[in-house]
Amino acid sequence: MDRFLFLTLDGLSRGAVYAAFALALVLIWRAGRIVNFAQGAMAVAAAYVAYSVTAATGSYWLGFGAALLAGLLLGAVVDIAVMRLVDHRSPLNPVIVALGLVLLIQAVLGMVYGNEYLPAQTPFSRTALTVGGTAVLSPYDLFVFATVGVVGAALVWVFTRTAIGLRMRAAAFAPEVSRLLGVNVGGMLTLGWALASGVGALAAMLVIPTELGLHPHAMDLVFVSAFTAAVLGGLDSPPGAVVGGLGVGLLLSYVSGYAGGDLIPLAVLALLLTVLLLRPGGLFAPVTARRV
Amino acid sequence: MSATRAAAPQARHAAADSARPGRSLPTVVRHLAVAAGVALLVLLVSYQLDSFRNFQLATVAAYLCATAGLTVLTGLCGQLSLGHGALMATGAYTLALVQNAFAERGLTAGGWLIVSLVVAVLATVVVGAVVGVAAARLRGPYLAGLTLAVAVVVPALTVTFDGVFNGEQGLAVPVAPAPAGLGSYFPHERWQLWVAAAATLSCLVLLANLVRSRYGRAFRAVRDDEVAARLAGIHVARTQVVAFVVSAASAGLGGALLAVLAQSVSPGAFGLTLSLFLLMAVVIGGLGRLAGAAWGAVLLVALPDLTHSLTNLFTLSPAAAQRLEGNLPLAIFGATLIVVMIAAPGGVQGLLSRLTRALRARWPVGRS
Amino acid sequence: MGGDLLTVEALAAGYGPVPVLHDVDLRVPTGTIAAVIGANGAGKTTLLRTLSGMLRPTAGRILLDGRDLRGTPVEQLVRRGMAHVPEGRGVIGELTVEENLRLGALWRRDRTAAGHALDEVYQLFEPLARRRRHLGHQLSGGERQMLALGRALVGRPRLLLLDEPSLGLAPRVVAQTMALLRRLRDDTGLTVLLVEQNVRSALAVADQGIVMSLGRVALAAPAARLRDDADLRHAYLGF
């Protein structure tokens, strides 16, 4: 029972990160009908920026801030310099271009930092605190919950309560009408990319220290897990992404705790396959005929 | 659909080809004749080139199986797959396991390699059918996401089940040397090229015939408009599964050939990067054209070689040189992929056809 | 008053290689309503889309208050005082009534004035006030019409471009809409360019009738003349 509790809390902590990363995917999907397959690579790039800044200044928090900033900037640059120029009439094209970005970003990181795992530090201890003899959460887990919670709340606030959020939603739902109403639709799309990429960078900062460390491919499996989470929640739904992220986190934690960590990749693939075949619209979508 | 637009002239050419009088040879015969010509050419060339070039050409042949298969799937049938690296891994590992099993039983004669290749292709067909059945129900980003997951997860399975696949270390692949009849000084690489070229040419002839057959037309119909294809009596899902299986079989053969050439397999060689490489190769070669697949395969081998020569021009510390050499081709591939998708979605072969069409338009007489 | 708010000179436009508009000239004096009428495919919607910058003209000039609009991005036109209610009305179904309306005034720097404009629209369209929190796609056709018009009006436009406001609406609602346009013209000096299939109700409210045919202006005449001159009406409008 203790173990179950521990795995549940650990899974929720892991899931919070997947939720954030899935949320970033959903943001771009809603804004531009693109699944950003480069998001993992972009997030890793931001994490490398944090590594350099922390190495130069000795401060984790300066690195953390630099990663978020780098994420925001990278998102904006990718939209303006690449995605805007792509012919979106075929849905294949943006996907292929995003994959080109994956190759390019990972290769550049490999050239600059090398293809070895670099150590990634955490600002708080990862040793679980014990309550009444039961290991529950580590201070770092609490930090993860707090950060994802704050960012999630901030996103909700921006999108529902601010003028810029209203513009962004309008631009996503009805670009042509929004332009007629004076909304700079291209700018809103760029802002959406920046926000999503910033959230992705945050997720990378949170998850990389809990895995093998910093590596150009460090987010590959996280991306697949987060994509699964986003599909589980329905690609269009931010709350769905959060629920999906937590669900995937829990599942992977149980698999790793009861069956062995080596099985995690297989579990992700099996889950994705199951969701796609049974509920391609996500858990919250009404059951419909298959998409034609 | 730019992929569609890019491939449309090809389809038109195909129609024109079969309608043109004086070209009444059956397609199969024509393809066999071309294949025989290419085989003869490879034979002659293999005596002119040094061992290293022979090996490189053999590697091109192995990649060509995979890129041609992916071209049929993505270019002709309109399904994106990021998982072909994983399918190549399936073929390669199956071949390694079968060859090792043969070796344990003392079956070391070269002819058993054919059996191993066939088993490798069959194993990949099974995996391809599983993924293909799922893929036929999925579209756009969902399909891309699933195949991406396959590409990321399958190489990781070699570590999960390291009792069978020996983890990151991988497996050795015992391959028989060139037949003694060729003489004791016959270079091994030349023999490797012969084996790879023979397998690849058979694969290409089959693919080329398939493309010109009823199935090929069904592929294109499904790609261009699923609803219209369904109305025309084409079973869309079945067609897509067939395309996926055929494509997987080619990738499996390619992977198996790579294993034969390298005489070892390890998960590192079949990661996500390989899948992206293959996709890049068919996009840059030109989606939907088998000739484009050849360009792509050549690029896959030539570009790392070029960057190797390039890094040798500069004096770098060994560590920096190693980083640069390992990653520069990737960076160039990635950047090329982006630029090609933005600037020339038809790829190299598309540019060539546009060029030849422009030339023909200028000198129409030369064509009569 | 004084002069023309909208002047169009030798305008040509089309979709890709397909030309739709040829050599279109028209003038809409400040504080008047002009009704663009004509058969399906005459180029009426294309004209509106070109005026509001959604479609780039291939030739000719568009002057708003004497200033050439060439090179002005679509999203800037609303700041120049032009509002376009597109065909199908463009209510954003995923946003609430209130959000749709706020969107119409977001570009305005003066937040208090924008707030007043919002209140005025709620007074003008009583049902919208009651359904503030409802999503756009939950509204009836008539309510959407109100919302689209209201959303244009909170931007306090000088020129209102309306595409087929009567489409799919009950005759009573159409009559109310036309009456509202007339009131706005008389009370606030609003200038309206109205594209309509419903010739009778359009001419009933308009000052000027512009008949389009095959992408050209076939006739521009006072609406009263088109209404009353049976020969003219018969020749150009077929009834």
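Predicted model: local features only at pLDDT ≥ 70, side-chain atom pairs only at ≥ 80, totals over all residues.
The contact between chains A and B was examined at the level of residues. In chain B, 47 residues are in contact with 46 residues of chain A. Five elements of chain B each give two or more residues to this side: α1 (2–19), α6, α10 (226–231), α12 (272–285) and α14 (318–343). Helix α6(B) gives the most, with 15 residues. By class, the side of chain B that touches chain A has 35 nonpolar, eight polar and four charged residues.

One helix pair across this contact was then considered. Helix α11 of chain A (residues 264–278) packs against helix α6 of chain B (residues 140–160). Their axes lie 8 Å apart, at an angle of about 155 degrees. Angles over 145 degrees count as roughly antiparallel, so α11(A) is roughly antiparallel to α6(B). The crossing of the two helices is left-handed. On α11(A), the residues involved include Pro265(A), Leu269(A), Leu272(A) and Leu276(A). On α6(B), they include Tyr142(B), Leu146(B), Val153(B) and Thr160(B). The contact of α11(A) with α6(B) has 14 nonpolar residues, one polar residue and no charged residues.

Chain C was described as a whole. It holds ten helices and ten strands. Its C-alpha atoms fill a box of roughly 50 × 40 × 35 Å along the principal axes. Among contacts in chain C with a separation of 6 or more, 70% join residues 24 or more positions apart.

How values were computed. Residues numbered from 1 in each chain as written. Chains lettered and ligands numbered in written order. Axes fitted to C-alpha atoms, helices over the stretch in contact; angles between N-to-C directions. Helix = DSSP H or I, 4+ residues; strand = E, 2+ residues; numbered from the N terminus. Parallel < 35°, antiparallel > 145°, perpendicular 65-115°, else oblique. Left-handed = near helix turned anticlockwise from the far one by under 90°. Contact = placed C-beta atoms within 7 Å. Nonpolar A, V, L, I, M, F, W, Y, C, P; charged D, E, K, R; others polar.
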